Amino acid sequence: MSQNTADYAQLTRTVDYAALIARLSLEEKVHLLTGETAFTLPGNDTIGLAPLAFSDGPTGVRGLKFAGGDAVALFPNATLISGSWDDSVAEEVGRMLSEEAHRQRIHVVLGPTINLHRSPLGGRLFEAYSEDPYLTGRTGSAYVRGMQADGTAACLKHLVANESETLRSFMDSRVSETALREVYLLPFQMAVEDAGVWSMMAAYNDVNGVAATEQNHVQNEIVKGEWGWDGLIMSDWFATKRTVASANGGLDLVMPGPSGPWGERLVSAVQRGDVAEATVDDHLTRLLRLAERTGGLRASGSDRRASTFNAGMPSPDSSLRREQLRRIASRGMVLVKNNGGTLPLMGTGDVTLIGRHAVATQDMGGGSAQVNPPYQSTVAEGLTELLGDRLTVVDGVAVRARPVAAAPSFVRDPDTGEHGVRVTLLAADGREISSRHEDGTAITVGWDDDLEEAPAVVIFSAVLANEAGPVRLGGIGAGHWTISTTTGPIAEAELAVAGVDPGETMICQPAFTKTLDLPEGAVVTARYEFKALDWPQMLANNPALELAEESHLLETGSYGLVALVAEPAVRTDDAAIAEAEKAALQAGTAIVVVGLTEEDETEGSDKTTLALPGRQDELVRSVAAAAERTVVVVNAATPVLMPWLDEVDAVLIAGLPGQEGGRAIAAVLTGGAEPTGRLVTTYPASDSAAPAWTVTPGEDLGLEYADGTAVGYRGWHAGNAPEPLFWFGHGLGYGSWEYGEPRLVSEDAVPTLQVEVTNTASRPSRETVQVYFDPAEPGQPVRLVGYAGEEVAPGATVSVTVACDPRLFRRWDESSGSWVPMTGQGSLLVARGLGDVRARIPMP
Ligand code: BGC
């Protein structure tokens, strides 16, 4: 626990919460236990409680608006943070996020996401750190320490066994008590024990037949009981399914508000005796403690959050943030192949840069983790800054199946002339509710929109920055669309939602486009007639879902993300591949940037394949056949297939690198920065070739966590899947390493190990020594138990000490319901990923 965290913990003990709570009626207490808006809580003057403000999380502090909020710093995604295998990086990220929170008067940041990469198909893995619970727990703990050190609460999410998105509100994760304890709860436990985290978020899914928000076993018995944790558990947004079971099951706060399954229903439940008033008081005590810790309780004589609000914090596009975000992004990138020292690029030869991700670099994933950054840098911009005329840039093949919201630079508000659009909202009777300028081209309707009255019609108006010729126009959002130019209507569509989960469908709205010939600088309007969907009816018609009438989900129906689509029509994939081939023929080095997009790496849906979307594999192969040397940059956070691996010279995994992403990638390619990352997840060689694959629950909505504790590389090592493409822990960096004989330096049951490493390369580099435990006890999988990194000068040798973590040397015994030591000893492996084991030492 850091000094500051300890100070805050100390402070909270001085407040008499019971005395404050005694001043409130039952109704007033219950009122405080549901949000007031999408992201704020109600305050209460009688007890000096300020309205607390929450913000997503985890890769930037977005602020109080789901879409279209202020410009805020966009951080590298979670796998780039954990990819550095360095606590100081995660701690720095936590500190920076806390500054972002202070700048915006946010008390609680909704992160980190510490669910695991179980199946590589999980759509939301980009938000989470790793397939390994220990790496996840250490990274998460460091992030929490950094964030809470100056009074911003972190929120661990999502408790628990929330590793996929398909039917996320209804599915049941079926996981053994052993796997729950040893694997899925371990990162939460570490962040409680090692970082004193202040809040957690209960997940959408059920766990072993009980909703996560009602998990008496997890929330009350384990987290608050066994771990003795005094923090607050809030629901995921609209995840509370039943009143009494959630209040008694350990949930402390329902989000969002103002309505929900608690309120009057909870008051009646207390009056009926179904929920004890003492239980309500406990929830409120935890809420007041959170407020106190984050400066939202004036009872102790301060409103720290208001007074620590600091417009002087670094702005999202300050030079300080630029440097930090660039450095952190490149630290976590992983060089997985580098034949003949292809990278970093040497000499003065010409370089050809190819690919849609080169010109439109994917800097973040989709869903609630998205923020509105001040700018995004592309690889093309980053490399042009460094190579100037030596660089030729060629756009690539299409990478998306669905359209995206128009780039603000392609549209202007017809009234103000600023980049962005004019949005006019009409009531059902045609009255204008508002007409305003929007910097972006996507808005939410019916929720989180600061409107007194729900609009029935949204009209986007824009002047396009098009040349005369084909333009792709369209809309995103369920409802009726009519697109017009000055000459009248030119396209129309009726779009209906597909899924059964209102939250999922909000994030993945239906969309349409039409390519039309337009004059230069065309003026367009897109009229969207919003149809409120009868979700209660739709969900009630589906008996398998078994929703209680108070389920919060039933209130989420009438909102959605709505966006205007407008972009110049692009050339065909055939033309793109032909052009790339031609450019590659003249190139000394060709760099192809491929990747996924927010369609694949997103909250709200899972992937169905690890293959790169569109004809990107074909593009790589054509370039590799033509160019002298080919480097592939993979702009994605999670595993992709590489059928062309043997045909290319180098491969860099660049993650979703945030607003400085393009410059970070350029620095790594040219050697200005080292990609010191090691893989945080194993890369399968083909679809299905993984210890856990399917993310689709069965007919009874159950998803079996049949891999037990042998998650990811543990299962690969046990032979539960064919040899992977790249092992967890793999990563070359720009050094090259010789290892000495490792020695055990402690006599304790939990080992500390020392090993000398020599950097045999001609440039300074950083090595991460990884220690795995391979237990003698049959059926116990190998597991990471410790790691430490060190910067080493060329030719130098340093001694690296790795202290292993005792929590990985025990096992959960279901028959006695307790932790027990393993039988027999086993060996420790010192490895650069399990594909490159440097030493095996038997444990004494
Ligand atoms: C996500 C949470 C997020 C919340 C608020 C939910 O859809 O699962 O992670 O914090 O929305 O945006």
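This is a predicted model: local features need pLDDT of at least 70, side-chain atom pairs count only at pLDDT 80 or more; totals for chains, interfaces and linings use all residues.
A polar contact, as I use the term here, is a pair of N or O atoms within 3.5 Å.

H158 first. One of the polar atoms in the H158 side chain sits 2.7 Å from a ligand oxygen. For R124, a side-chain N or O atom is likewise placed 2.7 Å from an oxygen atom of the ligand. With D56, the distance from a polar side-chain atom to an oxygen of the ligand is 2.4 Å. As for cover, the ligand on its own has 310 Å² of accessible area, and the protein covers 96% of that.

Now the wider shell. The ligand is surrounded by 14 residues, and the closest are D56, R124, H158, D236 and E603. What does the shell look like by class? Six residues are nonpolar, two are polar and six are charged.

Last, the cysteines. How many disulfides does a search of the whole structure find? The count is zero. C155 counts as buried because its relative accessibility is 0%, and buried means under 20%. C804 has 8% relative accessibility, so C804 counts as buried too.

Note on methods:
Residues are numbered from 1 along each chain as its sequence is written. Side-chain values use heavy atoms; hydrogens and water are left out. A residue is near a molecule or strand if one of its heavy atoms lies within 4 Å of it. A polar contact is a pair of N or O atoms within 3.5 Å; within protein, one must be able to donate a hydrogen and the other to accept it, and residues adjacent in sequence count only if both atoms are side-chain atoms. Accessible areas come from the Shrake-Rupley method with a 1.4 Å probe; for residues, only the protein chains shown count as cover. Ala, Val, Leu, Ile, Met, Phe, Trp, Tyr, Cys and Pro count as nonpolar, Asp, Glu, Lys and Arg as charged, and the others, Gly among them, as polar. A disulfide is a pair of cysteine sulfur atoms within 2.5 Å. Buried means under 20% relative accessible area, exposed over 50%, partly exposed in between (1.4 Å probe, protein chains only).
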